Amino acid sequence: KMIVEIAKTQEAEVGDGTTTVAILAGKFLENAEKLLDKKIHPTVIVKGYKLAAEKAIQIAGEISIPLKEKHLLKQIVQTSMTGKGAEGDKEKLSEIILNAVDQISSGKELDLNDIKIEKIKGESIGDSELVHGIVLDKERANAEMPSKIQNARIMLIDMALELRNPEIEARISVTTPEQLENFFQSEEKYLKDMTNKIISSGVNVLFCQRGIDDLAQYYLARAGIFAARRIQKSDLEKLARATGGKIISNLSDISDRELGRAEIVEEVKNGDASLIYVRGCKNPKSLTIVIRGGTSYIVDEVERAVKDGLGDVAVTIKNGRIIAGGGAFEIEVSRRLKIYAKTFSGREQLAIEEFANSLEAIPEALAENAGLDQIEILTELKKAHESGFYNHGLNLFINKIEDVYTAGIIEPLKVKTQAITSASEVAIMILRIDDVLISNSKNQKPQEVNME
């Protein structure tokens with residue numbers, strides 16, 4: 001449970017590196033077990049691990065490089081996609097991610113919530129696209145409404161275009177047919193007044209957070225207005241940021257400043273389902289990445305790769321430092337930690353050394369995934385780093401050891417430091433556990449004891 005928790009934390013904090021953090025946590029515990037078998041007390045191991053983790057973060061800062069050239073972001077995205085289902089289309093997907101980030105980022109501030117991801121089953125991964133606007137998994141409220149609007153003037157409302165229900169239980173007493181007719185007419189007049197306010201404002205597209213009554217739909221359709229109902233609040237907010245409109249809560253306050261703008265709003269059929277595209281927003285601060293794929297599994301896998309790529313870009317822009325990938329980072333930190341361990345005379349030295357050995361699990365995993373000899377690769381990497389080539393790592397595209405920084409295999413520093421911090425913390429916490437007590441099932445009856 002704790003390892004699942006740190007994987008979730010890693011995803012939430014930096015958006016990538018969940019496999020790394022799980023591998024490291026497991027390896028830290030595995031190597032700690034070796035020390036426990038040698039009768040080294042858990043407190044000593046914990047102290048050594050804490051010292052090693054602090055030193056590892058310090059070393060990471062020393063060997064990292066400031067991000068100076070923007071084109072390196074593309075290489076970071078492509079590195080994050082390597083080994084995932086979207087690897088074959090990483091060139092196209094990385095362009096989409098970087099264009100989206102360029103549009104919504106301002107300096108070091110980047111909110112990934114402004115990038116909506118919409119998944120569509122059908123066509124190929126290469127047909128995925130960036131929409132400078134919002135795509136909604138909705139359809140028109142009424143089939144009589146136009147399916148496409150050019151030069152859209154968009155109104156966003158978070159109220160219902162329906163008859164209001166009284167908040168308390170109420171009964172209406174009707175004694176004559178005329179009273180019943182007047183009641184129905186007053187309802188119709190209420191709905192007509194509401195829709196007339198919308199129609200007279202000059203809008204041709206309406207997005208409503210709540211319901212739209214059938215009669216209101218009829219009036220809007222007759223006026224040639226495209227309307228969609230039951231839009232999620234989060235999507236309505238994204239529409240506001242994309243179109244430049246404001247969410248209206250009172251129809252009496254409608255003015256031209258509250259309306260959003262887009263070149264085209266249209267409903268597009270996708271098999272049995274429909275999607276609403278709001279395209280061509282002038283300076284959108286919220287966008288949509290439309291992911292396509294042949295099956296739902298492929299689409300989910302591409303979404304995972306895109307989210308990892310977005311997370312890596314966001315954390316790199318914020319932190320501003322990068323490191324060489326392909327296991328180069330882990331080998332160099334491990335090498336320097338082993339030198340650091342020799343400065344201790346006590347048993348902590350052994351714990352620091354095992355911490356350093358644990359980091360080698362990452363290049364080992366890379367070698368194994370590539371079908372290469374792990375021991376041979378690890379030996380070659382260590383030899384290169386001992387010779388001062390601390391950017392040498394495993395290039396999985398050619399299955400060779402080389403300067404991976406020059407080859408464009410780059411990762412954000414924060415992804416690695418977060419993984420080391422989280423994995424060491426969980427290992428330390430588990431090492432502090434002295435005993436595990438397992439309770440009986442609640443449904444199990446207490447065992448009877450014969451006192452005779």
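Residues are numbered from 1 along each chain as its sequence is written, and side-chain values use heavy atoms, with hydrogens and water left out. As the model is predicted, local features need pLDDT of at least 70 and side-chain atom pairs count only at pLDDT 80 or more, whereas totals for chains, interfaces and linings use all residues.

We can start with helix packing, where helices (H or I, at least four residues) and strands (E, at least two) are DSSP runs numbered from the N terminus. Helix 2 and helix 14 cross in a right-handed sense (the near helix is turned clockwise from the far one by less than a right angle). Contact (heavy atoms within 4.5 Å) involves residues of helix 2 including Leu24, Phe28 and Leu36, and residues of helix 14 including Lys416, Ile420 and Leu431. By class, this contact has 14 nonpolar, three polar and one charged residues; Ala, Val, Leu, Ile, Met, Phe, Trp, Tyr, Cys and Pro count as nonpolar, Asp, Glu, Lys and Arg as charged, and the others, Gly among them, as polar.

Helix 12 (residues 361-369) and helix 13 (residues 374-386) form another pair, with axes that come within 9 Å and cross at roughly 130°. That angle makes helix 12 oblique to helix 13, and the crossing is right-handed. Pro363, Glu364, Ala367 and Glu368 of helix 12 meet Gln374, Ile377, Leu378 and Leu381 of helix 13. The contact of helix 12 with helix 13 has five nonpolar, one polar and two charged residues.

On a 1 Å grid over the protein atoms alone, a cavity is a set of points where a 1.4 Å probe fits but cannot get out, and a pocket is an open set with protein on both sides within 12 Å along at least five of seven lines; lining residues have an atom within 4 Å of a point. Grid points are joined across faces, edges and corners, and a volume is the space filled by probe spheres set on the points. One cavity of 30 Å³ or more is counted, and the largest cavity has a volume of about 40 Å³. Its lining consists of Ile63, Ile323, Ala324, Ala328, Phe329, Tyr390 and Asn391, with strand 12 (321-324) and helix 10 (328-341) each giving two or more residues. Six of these lining residues are nonpolar, one is polar and none is charged.

The largest pocket holds about 880 Å³ of space. Among its 33 lining residues, Thr79, Ser80, Thr82, Lys84 and Leu366 are the closest to its centre. Helix 9 gives the largest share of this lining, six residues. The lining of the largest pocket divides into nine nonpolar, eleven polar and 13 charged residues.

The second largest pocket has a volume of about 730 Å³ and 25 lining residues, with Ala12, Leu112, Asn113, Gly311 and Ala314 nearest its centre. Helix 9 again gives the largest share, eight residues. The lining of the second largest pocket divides into nine nonpolar, four polar and twelve charged residues.

Notes
Axes are lines fitted to C-alpha atoms, for helices over the stretch in contact, and angles run from 0 to 180 degrees between N-to-C directions. Angles under 35 degrees count as roughly parallel, over 145 as roughly antiparallel, 65 to 115 as roughly perpendicular and the rest as oblique.
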